[in-house]
Amino acid sequence: ALKIDWDRLNHVFIPVPTAERRRRVRPLSPRVARLIELLFSVTSVGWALFLVGAVVGTLSLAAPRSRLAFVSGTALGLFALSVAARGRFRVREGRARLEQPTRVTVGEAMEVRVLVDASDRASDLAVRGPFLPYFARYEGAPPALAEERGTRTLAATARVRFLKRADLFLGPFAVARRLPFDVVSGPPIETEPFRIKVVPRPARVSRLALAPSRDTALDARRATRRAGLADLAGVREYRPGDRVRDLDVRTWARTGVPAVREYHDPERPHALLLLDTHADDGDAFEAAVSLTAGVAEIVSEGSLSLELLVLGDALHPLGASRGREVVPRVSDALAVAEARRGQLDARRLLARIAPHLGAASSVVFVTTRWDPARDEVVLALTRRGLFVRALVVADRPGPLPSGVVALSPARIAQGGLDL
């Protein structure tokens with residue numbers, strides 16, 4: 001039987017507004033933009049009125065002496081009059097802005113607050129959200145504006161839920177005045193467009209056994225070092241999850257932007273995290289992405305620094321990040337990880353990560369299948385003295401070498417993984 005992938009078909013006809021596509025898209029001509037604005041200004045009442053007028057008008061052709069023509073003319077006349085008059089109903093002295101998070105986890109509801117400074121009453125204004133991709137939806141009733149206590153600002157909250165990972169660049173929220181009979185709304189004022197990263201839900205990993213170092217003698221020397229002898233690599237802008245003690249007060253005061261000091265300790269053991277994206281898109285790959293996020297979380301809580309994240313052929317250096325600061329960076333990279341068909345080139349992968357293996361003590365390799373190429377990767381890393389934890393995500397993985405852990409997507413979703 002022919003199986004139709006409706007999600008993929010929907011993606012073809014209505015492209016997902018990713019940040020990458022946003023950079024390549026051409027702006028609409030003013031005429032097309034005005035036409036789209038007009039179509040979106042018509043309310044559900046307006047479309048119902050137009051549809052009734054058109055249907056009744058068609059029926060009146062068969063009964064010219066009936067009152068159907070009068071009903072049709074009244075409905076379509078009211079619709080046309082509302083469209084013609086909408087330009088006079090503008091928001092008075094209005095300005096709109098947004099408050100929203102920069103990332104949200106798959107499956108969780110995100111709240112977006114629309115704030116409006118205007119002299120109109122809240123009941124006279126309507127809020128319209130941007131067009132969402134097929135894997136997202138608004139929840140609850142349409143957002144209604146209400147005056148915030150102690151201020152003249154009007155606020156409305158919209159709840160949005162995303163069901164797939166993505167890096168999205170969504171359009172603005174629009175605020176417009178209502179017309180009598182609520183057929184259409186007036187010309188809107190708009191917030192700024194906003195970007196949201198839908199990151200994977202990390203699998204709950206309770207324990208992950210990794211080698212703390214290649215050399216126990218090196219551990220002893222490191223334990224005797226005084227704290228704070230790591231080399232200062234530079235200063236960068238603060239990111240959520242950074243340690244408070246690394247804040248650089250002087251840079252913050254000079255630039256007005258929170259900044260943190262970034263250190264590099266050449267003796268601190270590092271870990272590498274590899275996600276094999278040469279896989280079929282489906283539940284197994286999504287579970288592998290979730291597992292990779294969970295592994296990054298558990299590593300960030302240990303004594304190792306996560307230096308490199310490898311997603312297929314893409315390398316994401318993390319600068320030997322330690323602590324919770326690494327988790328948002330890994331999540332952002334995993335938000336756009338895509339499965340791609342083809343064979344894994346073991347030699348090419350090993351050559352690309354070779355410069356990052358110097359201070360590494362452990363490698364976590366997450367894949368959805370096992371074959372000689374994957375086996376070659378693990379053996380080559382093991383010969384270099386690295387501790388390799390290979391994790392295969394599949395319902396029926398087949399025969400596996402000793403030490404390779406098999407996990408089903410259902411087991412990963414259950415959580416409490418002891419690896």
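What is the mean pLDDT of the chain? The mean is 84, and 83% of the residues reach 70 or more, where pLDDT is the predictor's confidence in each residue, from 0 to 100. Over residues 215-229 the pLDDT is below 50, and this stretch has nine contacts (heavy atoms within 4.5 Å) beyond near neighbours in sequence. Where pLDDT is low, the predicted coordinates should not be read in detail.

This is a predicted model, in which local features need pLDDT of at least 70 and side-chain atom pairs count only at pLDDT 80 or more, while totals for chains, interfaces and linings use all residues. Residues are numbered from 1 along each chain as its sequence is written, and side-chain values use heavy atoms, with hydrogens and water left out.

Let us turn to the fold. The chain holds 12 helices and 21 strands, taken as DSSP runs (H or I, at least four residues, for helices; E, at least two, for strands) and numbered from the N terminus. Of its 419 residues, 42% count as buried, meaning under 20% relative accessible area with a 1.4 Å probe and protein chains only. Among contacts with a separation of 6 or more, 73% join residues 24 or more positions apart.

Now look at strand β1, residues 95-99. Its covered face carries Ala-96 and Leu-98, and Arg-95, Arg-97 and Glu-99 sit on the uncovered one. β1 pairs with strand β3 (residues 109-117) in the antiparallel sense over five bridges; pairing requires at least two bridges found by DSSP. Within this pair, Leu-98 stands opposite Val-114 in β3.

Technical notes
Buried < 20%, exposed > 50% of the residue type's maximum accessible area, 1.4 Å probe, protein only.
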